Every structure is written in C-alpha cells, then in structure tokens.
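These are my notebook entries on the model shown here. I record what I looked up, one topic at a time.

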Amino acid sequence: MEFLLDGFRDGILRALYGDPQVLSAARVTLQVSLSSTLLASVISLPLGYLLATQRFPGKGAVIALCQTLLGMPTVVIGLVVYGFLSRRGPLGFMDLLFAPSAIIIGLVILLAPVLIVFAMTALASVDNRIRETTLTLGASTGLSAWTLVLEARFGLLAAILAAFGRAASEVGIAVILGGNIEGYTRTITTAIALESMKGEFGFGIALGVVLMSVILVTNILVRLLQKS
Amino acid sequence: MHCSVDKWIWAFFFVLPFMVHSSSGKLGAQPLIKLATSTSTDNSGLLKYLHPTFERMTGVKVHTIAVGTGKALALGRNGDVDAVLVHARAAEDKFVADGHGVNRRDVMANDFIIVGPRADPAGIRGESDVAAALRRIAEKKSRWFSRGDDSGTHKKEAALWEAAALEPSGRWSASLGQGMGKTLLAADEKQGYTLTDRGTYIAMSAGKKISLEVLVEGDNRLSNPYGVIAVNPKRHPHVRFAMAKKYIAFLTSEQGQLLIAGFRMNGKVLFYPVNGDAPVTGHGIREPS
C-alpha cells in the first residue's frame, strides 16, 4: 500500500499548492461539465415536461428510447460524434475536434437522456391535480407549468446535479473527442486515465479526490442557492 | 448581503462556463499544430521537454494527442491532425505511398527489448537471436503479454513472431489492448514476458514501478526508429502544412537533435538522434558521445 500512499500524498500536496497541471485539469473539467449541463438542461427539461404532462402517440416508445440511451457507453458516443466531427465526416469543416467544444457536444448527448428521464419522473410524481386545478382556476398554460416545476423543484435539481456529476466523471467522450491535450482538453478524468497508464496510481487517486472536491463544492453552492 | 452572495453563485454557474470558453476555447490568434503520436514519446516526457523550445522559437503551440502509432496514422489519414510522430517504418512508408503524408524524416531511434521476470522460466537471458528467444517462450508456454493495440510496438511484435514462424496463441499468451505502461505493469504483476521499447521500460523502472529485467537485446531486428510525417495538404487542404514543416525542421535540426540526445532519465538516454555523429554500436543504436 505504501506505493499508493506516497503518490497519493504527493498528488494531494500538488493540488493544495496549486500545481498548474492539476488546476488546469480542474478548470477544463468545470468548463466542459458546467457548459454541457447547462445546454443539456435547456434542451432536455422542456422535453421531460412534455413527456410528463402530454399524451401523444408513440410516447411509450420515446420513453423506452430515452431509458435505453441511459445505458449508452460513453466511448460509443465518443466514436459516433468523432465520425461527425472528423475532417472526413459531415461536420469536419467546423474544426471542432480535439477542442473543449467537441467534448461539450458529446457530453450534451450523454446528459440529455439522463435529464429527460429524471425530469419526467420528478414532474410526473407531482400530483397531476395541482396542474389541473391551476388550469381550472384560469391560470395560463405557462403559469400552470411553472407551478408544476416549483412543486417538482427538488427532483429537478437532483436531476441536474446527477447530470453534472455524470459529465464531470466521464472519461470516454473526453479522451476520444478532446484528445487529452495538456492544458487545453485534459480533464481530471483523462488525467487520471493517463496517470494510471503510466503506473502513477497514487497520483491518479489523488486526482480523483480533487474531482470529488470539485463536485462537492458545486453541490454546496447549489444548496446555498436552494436555501435562499 | 445574502442576495449579493447569491449573485456570485449564479454568476459561477452561468457566466463562468462561457468566460472560460472565450479565454481558452479558441486560444486567441496563437497558431498551433496538432500532432498525433505514439504513447512512448509522450509518456516518457520527451515531448514535454522538446516542445517549449519549439514554441519559443516559432510562436507555434503544439497540441499533442498521444494515442499509439496505429491510431495516430488513422487520425492523419482522416486529416484530423497536421503531423504524426510514430514508430512503425513499414506502416509509415505505406502512409506516404498512399498519399496521406509527405516530408517524412527520420528523427531518432532507440531499441526494443524483451523483458521478463528475474527467475526467467524460459531461460532466454542473454539470447542474441530474438526469434529463438520467442520460440523458447512458446515452447515452455511461459506467460507472454502482447500490447494487442495496433501500436508501433505491437506491429514490431507481430513481425518478430512471424520471424519465429510462430503465433502466440493459447492460454500462456494474453493480448491486452493496452498502452506500453499498462502492459509492463501487467507483465510485472503476473511475472511474464513482454516486448517493450527501451524508453518506456527505463521510465517505468526508474520509478520502481516494475521489477522486470532486460533479458534479450541487441538483435538487429529490435531497432526502433521514429519518423515524423506531415499530413498531405493536397489531400487535406485545411492542414497547417507550413507549420508542420517548421516542426519537422525543428526536430531534425542540429538543435532539435542535440535536445533529444540530452533528454535523460536517471542518467540514461531514452532516444538517440539519427543525425548525431555518435558512434554506432553493433545493433544499430548510437551510444551518446
């Protein structure tokens, strides 16, 4: 165990003293996971609302599809998006590959089903009579939707935090689409994968602790917002 | 008071992602090239040691994507990078012949070695004929670990088994699909044999991560030359060809070659420049002068 502890102590010290590599990996991680959570929420939460409140043909199939996509391996998302973003692919001309934006695109695809399914569950678990009552009381559709969202806010927030955690801890998408370029697309998870490849296990675990701290701080900030 | 704290937190969530984007997303106007390379050049620390000088001299930033020779060449074929630095001579020549790359230059070399446990159950220590050593490992069904990832080292291993007129198959051999570092670690854990480039072996044993020993070395077939190739701008007009040429010129320049020769780990040279005037030893590897 000593070989792990030495590297671990070294890694924690490097993080505490603001080692530029650790800091830049933390910055890139925050950058791509916050952006992708934000974008995916904007796209997915309304879809989750539709699935929870509306009836339409094929709804069951859409739900089944989203639930299946929850199990999509991140490397597969990475490869498919690579196919589109490569110079040989249809979007190659945009020159997005091996940049943070490529990772964000992959992460949005990863997070969308997570947010749709969990938002749908959170919204559907609110007593439907609340929405109906507001509508009979003459509230506009918008206002009744807002009432429903307020009722389900804890569940929705949990969905967003789960999505953020998934984005921050993901490695397949980040390494295939980002290329693990130091100081540019190297996230904490791809740095861990690299350290483990080099046999620096202790340092890898220390980076894992840094990642958990980043997620913890984000969660605390969200709780502070929730309380106010 | 309470409210102003909230404002900061909101700013953290909604402004920060975009702020960081504008500062690092496009990297301003700084020119850059994308280099796909084998894991051995990057994991050893060589590129991190070379690139700052190149970046200072030319103002061109190098984005290194370390993936293994097979994938590096695939990225070059797809036009996703501007240059490749790899080690698989036959595959490199095919890459150029097929029109994917131009301006191929030799950069440096080290050698492959067969490493294994101190106990050496197959008794190959000191064998000068690498094919004979492999045959003995297969005869004794000693544990053999293959990279199995289409890397330069894997391609070399396949050629050596072919030279031994054997195929590593059966329970004694394992194809890992992992990088060199991980394969060395696995061979060390299971006390088996593997083929490795000397650079990664030195880097891994310098950190006392493995206790495997060098058992076979010096056969001419174990030479490990590295080449750099620019992606063909005729096939991929968007590539930064002028900067890729600058990069190739730097690696093969006197200064680049001296830098490579000066890169040491635990006092050991990891890569020998090809344009040095150091004496050539028996197995085609130059000793540092």
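I looked up burial in chain A: 45% of its 228 residues count as buried (20 or more other C-beta atoms, placed from the backbone, within 10 Å of the residue's own). The model is predicted, and I took local features only at pLDDT of at least 70 and side-chain atom pairs at pLDDT 80 or more, whereas totals for chains, interfaces and linings use all residues. Residues are numbered from 1 along each chain as its sequence is written, with chains lettered from A and ligands numbered from 1 in the order written.

I then noted that chain A has eleven helices and zero strands (DSSP runs of H or I, at least four residues, and of E, at least two, numbered from the N terminus). Its C-alpha atoms fill a box of roughly 65 × 45 × 30 Å along the principal axes. Of the chain A contacts with a separation of 6 or more, 76% join residues 24 or more positions apart; a contact requires C-beta atoms, placed from the backbone, within 7 Å.

Next I examined the interface. I found 28 residues of chain B in contact with 22 of chain A. On the chain B side, α2(B) gives the largest share, six residues.

Lastly I turned to a helix pair. The axes of α7 (130–139) and α8 (152–163) of chain B come within 8 Å and cross at roughly 85° (lines fitted to C-alpha atoms over the stretch in contact, with angles from 0 to 180 degrees between N-to-C directions). α7(B) is therefore roughly perpendicular to α8(B), a term covering 65 to 115 degrees. I list Val130(B), Ala131(B) and Leu134(B) of α7(B) as meeting Leu160(B), Trp161(B) and Ala163(B) of α8(B).

Note on methods: Two residues are in contact if their C-beta atoms, placed from the backbone, lie within 7 Å. Angles under 35 degrees count as roughly parallel, over 145 as roughly antiparallel, 65 to 115 as roughly perpendicular and the rest as oblique. A residue is buried if 20 or more other C-beta atoms lie within 10 Å of its own, exposed if 12 or fewer, and partly exposed in between; C-beta atoms are placed from the backbone.
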